[in-house]
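Hi everyone, thanks for coming.

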Amino acid sequence: MNTPTLSPLAWHALASLDEATFCARLGPVVEHSPWVAREAWAARPFADWASLYDSLSRVIHGADEARQLALLRSHPELAGQEARAGTMTADSQSEQGRLRLLALDAATVQRIESLNRRYRERFGFPFIVALRLHGSLAHGAAGR
């Protein structure tokens, strides 16, 4: 299932959304974890974007360990099955595509799959990196 790409909302439009629409719009923001938006809704009204971010962050940090682990486990692996199936969020798809992780040769895919598997076995969740902070893979995520 592809995550739909929605047009950006102006602050006044976001601030005026009802709960169902708010959750529908912000639910996919945190890696397929709509519970974060649903629980953040209770902290409204938000004064600005920073207060919305703070509310989402508080929900995540205040969640029990099981929910936090589920959130971590919902992140896609680098060049993984979700990437090939097109089921990542639009942001993840864009970032992995920008770094050409969606257009790798078979040998590189096998190497990354092996690294992904070993990381997941060791830590219990996928290797997570903020790809938007990397201009290339030369010294970034794939060299782990």
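So, Arg120: this residue is partly exposed, with a relative accessible area of 29%. And keep in mind that we're looking at a predicted model. Which residue does Arg120 form a salt bridge with? It's Glu77, and the closest N and O atoms are 3.0 Å apart. That pair links distant parts of the chain: Glu77 sits in the loop between helix 5 and helix 6, while Arg120 is in helix 8, 43 residues apart.

Okay, next pair. Arg84 and Glu113 also meet through their side chains in a salt bridge, at 2.9 Å from N to O. Here too, distant parts of the chain get linked, with Arg84 in helix 6 and Glu113 in helix 8, 29 residues apart.

Now look at helix 7. Glu95 and Arg98 both lie there, 3 residues apart, which is about one turn of the helix. Their side chains form a salt bridge at 2.8 Å, N to O. Glu95 is partly exposed at 21%, and Arg98 is partly exposed at 39%. In total, the structure holds 4 salt bridges.

Ala79 isn't a glycine, yet it has a positive phi of about 55°. Is Ala79 buried or exposed? Buried, at 3% relative accessibility. Arg100 isn't a glycine either, and has a positive phi of about 65°, but Arg100 is exposed, at 55%. And between Arg44 and Pro45 there's a cis peptide bond, with omega about 5°.

Notes:
Residues numbered from 1 in each chain as written. Predicted model: local features only at pLDDT ≥ 70, side-chain atom pairs only at ≥ 80, totals over all residues. Heavy atoms only, no water. Buried < 20%, exposed > 50% of the residue type's maximum accessible area, 1.4 Å probe, protein only. Helix = DSSP H or I, 4+ residues; strand = E, 2+ residues; numbered from the N terminus.
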